[in-house]
Amino acid sequence: MVKIIGAGLAGSEAAWYLANKGIKVKLYEMRPFVKTDIHQTSDFAELVCSNSLRSNDPLNAVGMLKNEMIQIGSLILEAAYATQVKAGSSLAVDRYGFSEYITNKIRNHENIEVINEEVKEIDKDAYTIVAAGPLASSDLTNEIQSLFGVKKLHFFDAVAPIIDGSTINYDIAYLKSRYDKGEAAYLNCPMTKEQYETFYEALTTAERAGFKDFEVNVFEGCMPVEIMAGRGIETLLYGPLKPVGLEKEPGQRPHAVIQLRQDDAASSLYNIVGFQTNLKWSEQKRVIQLIPGLENASIVRYGVMHKNTYLESPGVLNRMYQSIAHDKVFVAGQISGVEGYVESAASGLSAAFHMERLINQKVLKPFPEDTMIGAMARYIATPNKSFNPINANLGILPELAKHKKKERKMLYKERAEASLASYLSEMI
Ligand SMILES: Cc1cc2nc3c(=O)[nH]c(=O)nc-3n(C[C@H](O)[C@H](O)[C@H](O)COP(=O)(O)OP(=O)(O)OC[C@H]3O[C@@H](n4cnc5c(N)ncnc54)[C@H](O)[C@@H]3O)c2cc1C
């Protein structure tokens with residue numbers, strides 16, 4: 001029997017993998033009895049912010065990771081493709097359908113017992129996967145800290161607001177994907193230079209909520225838009241408000257464009273891309289209503305900002321997400337030092353893969369480091385003076401032999417596919 005703590009992206013993925021291998025799983029989830037600051041439902045694998053699982057391009061790092069997860073057997077991706085909504089070349093999902101799909105599969109699996117309880121202690125001699133996420137309850141966080149003898153770390157993360165689609169002005173907002181790649185699934189709100197300057201002034205002078213120290217600890221990949229804007233008036237124009245490839249008519253490029261991405265299958269909700277924010281709610285409304293097309297927008301969920309806990313994994317976990325000190329205990333998901341929905345699920349899958357082999361006394365061997373799933377595991381287990389949570393990215397793969405620059409991505413992909421296929425056939 002394996003005890004899994006947390007039915008999030010990582011815990012659900014791990015439970016499903018082990019149960020399908022005939023191993024009994026006790027899956028502990030504290031919601032709905034104990035809530036986190038962010039989760040809103042009691043469903044499993046709830047997406048706490050964006051509804052996007054990012055790029056589907058197999059040459060992109062996260063696209064590569066997805067393909068590897070499918071080879072190994074991923075419930076999260078099965079659910080994502082079953083509940084996909086239009087988002088150009090990205091994989092976005094109907095967030096409620098996605099979580100419901102996973103919850104039903106898990107609850108109906110004969111090898112999984114779901115226990116709605118907060119876990120406060122970890123038995124180091126029992127097979128356990130800790131997958132309690134970045135919002136793990138504080139008693140459990142203290143237990144993790146003392147079990148592994150580490151200093152707790154955190155950074156701050158921010159959530160983007162969600163808009164009621166029926167309140168968008170469609171005379172101004174138009175459908176288009178950047179450079180017309182994929183389906184035109186984004187709504188675009190164009191700005192003139194003057195409109196941008198008014199918006200910029202409001203954004204950078206608006207009142208922020210709480211957290212005096214967050215500017216030093218903010219994670220670059222999920223930075224509040226007001227902090228990014230504070231770096232200079234041009235910064236957003238090269239980031240989330242980049243207008244290139246979004247011209248409504250050829251040759252008529254707006255000064256800036258704010259994009260909205262469909263948030264549910266009914267296309268009734270839209271989130272503002274790259275607009276994670278920690279502004280006071282009244283200020284969010286004021287700033288958002290300055291965006292052309294959103295003059296009367298109704299905000300159904302405001303952006304928020306909060307602490308995000310993770311373990312400094314090098315020296316604590318090995319390349320199989322297994323504790324070095326307590327070999328029956330694995331740690332997976334965002335709390336293990338990976339960052340992102342897909343990455344969290346991938347680490348859950350990886351931990352479960354190795355856990356099954358440990359229980360069945362098979363050889364333990366990390367995934368090859370030239371696969372994305374293996375490169376991420378190597379990153380979290382390798383000593384690093386400034387350890388930070390990691391997204392899938394091509395920079396963590398081993399260098400290629402001499403090659404032409406334009407062949408690089410294809411070579412990474414082909415090398416990873418061959419490596420994973422040979423590893424999986426060896427590991428049977
Ligand atoms: C505010 C915020 C916004 C984010 N936005 C994005 C985004 O837009 N895109 C993206 O790719 N990533 C995002 N992330 C990062 C990350 O991908 C998500 O946090 C993801 O949900 C992590 O998956 P997980 O399985 O590790 O944790 P979770 O999905 O949070 O699952 C952990 C589960 O454990 C449960 N739990 C906690 N403590 C206990 C306990 N003691 N006993 C029992 N159960 C417990 C929780 O209730 C939860 O269900 C965001 C993170 C945060 C915090």
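This note goes through a predicted model point by point, from confidence to local backbone features.

1. Ground rules. Residue numbers start from 1 along each chain, following the sequence as written. Because the model is predicted, local features need pLDDT of at least 70 and side-chain atom pairs count only at pLDDT 80 or more, while totals for chains, interfaces and linings use all residues.

2. Confidence. The average pLDDT of the protein is 92, and 96% of the residues score at least 70. pLDDT is the predictor's confidence in each residue, on a scale from 0 to 100. For the complex, the predictor gives an ipTM of 0.99 and a pTM of 0.86.

3. Residues 212-216 have pLDDT below 50. Beyond near neighbours in sequence, this stretch has 3 contacts in the model. A contact means that the C-beta atoms of two residues, placed from the backbone, lie within 7 Å. Where pLDDT is low, coordinates should not be read in detail.

4. Domains. Domain 1 covers 2-156 + 308-426, and domain 2 covers 162-303. These bounds come from an automatic or database domain assignment. The C-alpha centres of the two domains are 30 Å apart.

5. Domain interface. Contacts link 18 residues of domain 1 with 18 residues of domain 2. On the domain 1 side, helix H4 (95-107) and strand S8 (153-158) each supply at least two residues. H4 gives the largest share of that side, 3 residues. Helices (H or I, at least four residues) and strands (E, at least two) are DSSP runs, numbered from the N terminus. By class, the domain 1 side has 7 nonpolar, 7 polar and 4 charged residues. Here Ala, Val, Leu, Ile, Met, Phe, Trp, Tyr, Cys and Pro count as nonpolar, Asp, Glu, Lys and Arg as charged, and the others, Gly among them, as polar.

6. Ligand shell. Which residues come nearest to the ligand? Of the 37 around it, they are Gly6, Gly8, Cys49, Gly133 and Gly333. A residue is near if its C-beta atom, placed from the backbone, lies within 6 Å. Helix H1 (9-20), strand S15 (305-310) and helix H10 each supply at least two shell residues. H1 gives the most, with 3 residues. The shell divides into 19 nonpolar, 14 polar and 4 charged residues.

7. Helix pair. The axes of H10 (residues 341-359) and H11 (residues 372-381) come within 10 Å and cross at roughly 90 degrees. Axes are lines fitted to C-alpha atoms, for helices over the stretch in contact, with angles from 0 to 180 degrees between N-to-C directions. H10 and H11 are therefore roughly perpendicular, a label for angles of 65 to 115 degrees. Glu343, Ala346, Ser347 and Ser350 in H10 meet Ile373, Met376 and Ala377 in H11. This contact has 4 nonpolar, 2 polar and 1 charged residues.

8. Most residues other than glycine have a negative phi, and most peptide bonds are trans. The Arg31 to Pro32 bond is cis, with omega near 5 degrees. Ala45 has a positive phi of about 50 degrees. Pro32 sits in the loop between strand S2 (25-28) and strand S3 (52-55). Ala45 is also in the loop between S2 and S3.

Terms used. Parallel < 35°, antiparallel > 145°, perpendicular 65-115°, else oblique.
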